[in-house]
Amino acid sequence: NPKMISYGSNEYSQLEFDGTNFEHQPLLENYSQVWAGKSFSLAMLGGPGMGPGGPGMGPQSLVCKGDSALGQCELPDTITMIMSSPYHFTDLKLGFNHGLLSYGLSEEDTGWPMYYPVLPNFGKRLIAWGDSTYGQNQVPELSDSTRILMTAVGGNHNVVVTDDSVNLRVI
């Protein structure tokens, strides 16, 4: 099972996830994804269909550690639910003090019913949180036909590449 080792500057406790260390002690298993911002970090404990104790052993959890003076660790309630489903496309990125999630829901965004799930390979919606000093967590309005092909997050800005079947745009 995957285990996580975190290292480097820990000035804001951004590396202090349960079960991680350098002392060759047993590490907590089932960290499935990790992300790092400037002074905060996120980790997903469990994987799709997995909980902290293994398959079918409870819900996933998204844990944020570190500085939250600008709201970096004040995650919107819907993020864990969206990222926990194996039938959603998700692309999460962190900047210095903000985050951006692009996601697509299988039934709504592919037109296929949930009993025959198809994983979208693009996002349809954006969620942003944290610092917005430069407007970096203000999500642009997108039409229903717009697909989010790619996102990039810088220190205090975001770049989103979209396709609405007419124009390929960089926002």
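Two strands are taken to pair if DSSP finds at least two bridges between them. The strands themselves (E, at least two residues) and the helices (H or I, at least four) are DSSP runs, numbered from the N terminus. On these terms, S1 and S2 run antiparallel and are joined by five bridges.

The structure is a predicted model, in which local features need pLDDT of at least 70 and side-chain atom pairs count only at pLDDT 80 or more, while totals for chains, interfaces and linings use all residues. Residues are numbered from 1 along each chain as its sequence is written, and side-chain values use heavy atoms, with hydrogens and water left out.

**Overall architecture**

The protein chain contains two helices and 11 strands. Along the sequence these elements follow the pattern β-β-β-β-β-α-β-β-α-β-β-β-β. The chain has 171 residues, of which 42% count as buried; buried means under 20% relative accessible area, exposed over 50%, and partly exposed in between (1.4 Å probe, protein chains only). The chain exposes about 9500 Å², and carbon and sulfur atoms supply 53% of that area. Accessible areas come from the Shrake-Rupley method with a 1.4 Å probe, and for residues only the protein chains shown count as cover. Among contacts (heavy atoms within 4.5 Å) with a separation of 6 or more, 43% link residues 24 or more positions apart.

**The sheet S1-S2-S5**

An open antiparallel sheet is formed by three strands in the order S1-S2-S5. Its edges are S1 and S5; each has a single partner strand, so one side of each is left without a neighbour in the sheet. From one strand to the next the twist averages 20°, with axes taken as lines fitted to C-alpha atoms (for helices over the stretch in contact) and angles running from 0 to 180 degrees between N-to-C directions.

Ala 36 belongs to strand S1, residues 31-36. With 59% relative accessibility, Ala 36 counts as exposed. Ala 36 touches Ser 41 and Leu 94, when residues up to four places away in sequence are not counted. The C-alpha atoms of Ala 36 and Gly 95 are separated by 8.3 Å, although these residues are 59 apart along the chain.

S9 and S10 are joined by a hairpin through four residues.

| Strand pair | Sense | Bridges | Facing residues |
|---|---|---|---|
| S6 and S7 (residues 98-105) | antiparallel | seven | His 88 and Leu 105 |
| S9 (residues 147-153) and S10 (residues 158-163) | antiparallel | six | Ala 152 and Val 159 |

**Nonpolar cores**

In soluble globular proteins, nonpolar side chains tend to be buried together. A nonpolar core is here a set of buried Ala, Val, Leu, Ile, Met, Phe, Trp, Tyr and Cys residues joined through side-chain atoms within 4.5 Å. The largest such core has 17 residues, and Trp 35, Leu 42, Met 83, Leu 92, Leu 101 and Trp 129 touch the most other members. At least two residues of this core come from each of strand S2 (40-45), strand S5 (61-66), helix H1 (78-84), S6, S7 and S8. Another core, of six residues, lies apart from it and includes Leu 100, Ala 128, Ile 148 and Val 160.

Leu 42 has contacts, beyond its neighbours within four places in sequence, that include Phe 17, Trp 35, Val 63, Cys 64, Leu 92 and Trp 129.

**The disulfide and a backbone feature**

The structure holds one disulfide, defined as a pair of cysteine sulfur atoms within 2.5 Å. This link joins Cys 64 and Cys 73, whose sulfur atoms are 2.0 Å apart. The link of Cys 64 and Cys 73 is left-handed, with -60° about the S-S bond. Cys 64 counts as buried at 18% relative accessibility, whereas Cys 73 is partly exposed at 22%.

Most residues other than glycine have a negative phi. Ser 13, by contrast, has a positive phi near 65°. Ser 13 lies in the segment before S1 and is partly exposed, with a relative accessible area of 31%.
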